[in-house]
Amino acid sequence: GMAAVGLLAWIIIGKYLDHLPLYRLERIAARDGVTLSRSTLADWVGRIGVALEPLADRLTELIRQRTILHADETPVQQLDPGSGKTKRAYLWAYRSNALETGPPIVVFDYQTSRSGVHARAFLADWQGALMVDDYAGYKALFATGVIELGCWAHVRRKFFDLNVAQANPIAQEALRRIAQLYAIEARGQDMAQAARARLRQEDAQSVLAQMHDWLKTIRLAVADGSGLARAIDYSLKRWSALARYAQSGDRPIDNNPVENAIRPICLGKKNWLFTGSERAGQRAAAIQSLLATAALNGIDPAAWLRDTLERLPTCLNSQIDSLLPFAPSA
């Protein structure tokens with residue numbers, strides 16, 4: 001049969017936004033007296049993924065034009081044909097910086113491994129500031145001129161976990177000092193970049209300098225190999241990257257924006273369990289990039305998808321930007 005736009009959108013939203021495996025969508029349709037075989041649903045999903053790929057590719061082009069990006073990655077399972085098992089693949093995520101102008105963008109890049117070569121291939125000759133965790137796969141980028149930004153949320157998490165396991169006055173003091181940095185950020189949240197830069201220079205840089213000196217002093221009295229030593233060593237080793245955000249008004253303090261973008265994927269993979277193939281994973285990444293970007297821009301993903309599927313067949317390549325999930329004023 002030929003599926004209308006409304007049905008196709010219902011399937012895509014159910015699978016990628018509501019995290020329903022195709023067999024559940026098959027059962028839901030059957031309850032309403034509609035017979036939709038799983039193979040037919042899979043075929044339609046594949047066709048929609050192919051149709052939307054040019055839009056996802058355009059998002060990739062646009063996100064590479066930004067000067068500051070977030071990056072992170074999460075494992076997913078991919079079917080390993082012939083073995084009856086699955087193997088690990090990765091969904092790499094890149095998110096635009098909320099402190100810069102322009103519509104927010106998130107792009108997912110499906111790859112079969114966690115090798116840093118995938119990040120280098122995605123970013124190509126991009127030069128800017130990249131907010132990441134301490135994963136070694138990104139290190140080669142920083143040798144080519146990309147500026148490394150460190151995530152304060154990761155630092156905070158290490159001290160927080162220590163204090164949860166057992167009340168620790170040193171961890172508590174570290175958390176207090178980190179809270180000061182975030183309080184300064186809260187004050188500057190609605191400021192223009194120039195004003196935020198002045199705020200960080202006047203307030204945050206002094207807090208950072210005092211914390212750095214305190215950590216170095218405390219480390220001398222902490223036993224090697226302890227959890228507290230590891231948390232302090234992580235902070236001191238990453239200090240240059242952690243302090244760079246305060247040198248300007250447009251750099252983020254942490255990597256939470258991209259972690260928040262990944263969170264729905266982590267929820268979804270508990271339901272759909274694995275992707276059928278590398279190609280299927282790439283199509284899914286394209287769809288998820290567009291739906292997630294729509295949500296970031298305050299657009300109803302389902303409404304955007306229905307409208308786009310109706311307009312896409314007659315849209316000229318030169319007008320493809322008009323289909324992107326951005327607000328009209330963006």
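Ser235 is in contact (heavy atoms within 4.5 Å) with Val155, Phe159, Leu215 and Leu242, leaving aside its neighbours within four places in sequence. The model is predicted: local features need pLDDT of at least 70, side-chain atom pairs count only at pLDDT 80 or more, and totals for chains, interfaces and linings use all residues. Residues are numbered from 1 along each chain as its sequence is written, and side-chain values use heavy atoms, with hydrogens and water left out.

Ser235 belongs to helix H9. Helices (H or I, at least four residues) and strands (E, at least two) are DSSP runs, numbered from the N terminus. Ser235 has 0% relative accessibility and therefore counts as buried. Buried means under 20% relative accessible area, exposed means over 50%, and partly exposed lies in between (1.4 Å probe, protein chains only).

Helix H9 covers residues 227–237. Its buried residues are Leu228, Ala229, Ala231, Ile232, Tyr234 and Ser235. An α-helix has 3.6 residues a turn, so residues three or four places apart point the same way. The cover over the buried residues of H9 includes helix H6 (152–165), helix H7 (169–188), helix H8 (193–219) and helix H10 (239–243).

Helix H7 also holds Arg177. What is its burial state, buried or exposed? Arg177 counts as buried, because its relative accessibility is 14%. Leaving aside neighbours within four places in sequence, Arg177 is in contact with Val207, Gln210, Met211 and Trp214. Arg156 is 21 residues from Arg177 along the chain, and their C-alpha atoms are separated by 9.8 Å.

Now the cores. A nonpolar core is a set of buried Ala, Val, Leu, Ile, Met, Phe, Trp, Tyr and Cys residues joined through side-chain atoms within 4.5 Å. The largest has 52 residues. Leu130 and Tyr138 have the most contacts inside it. Helix H3 (residues 38–63) gives the most to this core: ten residues. A second, separate core has 29 residues, including Ile178, Val207, Ile232 and Tyr234.

Which residues does Leu130 touch? Not counting residues up to four places away in sequence, its partners are Leu69, His70, Ala71, Leu123, Tyr138, Leu141, Phe142, Val146, Ile147, Glu148 and Leu149.

Next, helix packing. The axes of H3 and H13 come within 12 Å and cross at roughly 90°. That makes H3 roughly perpendicular to H13. Axes are lines fitted to C-alpha atoms, for helices over the stretch in contact, and angles run from 0 to 180 degrees between N-to-C directions. Angles under 35 degrees count as roughly parallel, over 145 as roughly antiparallel, 65 to 115 as roughly perpendicular, and the rest as oblique. H3 contributes Ile48, Leu52 and Leu55 to the contact, and H13 contributes Trp304, Leu305, Thr308 and Leu309. By class, the contact of H3 with H13 has six nonpolar, one polar and no charged residues. Here Ala, Val, Leu, Ile, Met, Phe, Trp, Tyr, Cys and Pro count as nonpolar, Asp, Glu, Lys and Arg as charged, and the others, Gly among them, as polar.

Trp304 also touches Ile299. Ile299 sits in the loop between helix H12 (278–296) and helix H13 (301–311). At 21% relative accessibility, Ile299 counts as partly exposed. Not counting residues up to four places away in sequence, Ile299 touches Ala294, Trp304, Pro325, Phe326 and Ala327. Ile299 and Ala327 are 28 residues apart in sequence, yet 7.0 Å apart in space, C-alpha to C-alpha.

A further helix pair is H1 (residues 5–16) and H2 (residues 22–31). They pack at an angle of about 130°, with their axes 10 Å apart. H1 and H2 are therefore oblique to each other. Trp10, Ile11, Gly14 and Lys15 of H1 meet Leu22, Leu25, Ile28 and Ala29 of H2. These residues divide into six nonpolar, one polar and one charged.

The loop between H1 and H2 contains His19. His19 has a positive phi of about 60° although it is not a glycine. His19 counts as buried, at 10% relative accessibility. Ala124 is not a glycine either, and has a positive phi of about 55°. Ala124 lies in the loop between helix H4 (117–123) and strand E4 (129–131).

Finally, the whole chain. The protein chain has 13 helices and five strands. Its C-alpha trace spans about 70 × 45 × 35 Å along its principal axes. Of its 330 residues, 49% are buried. Among contacts between residues at least 6 apart in sequence, 65% join residues at least 24 apart.
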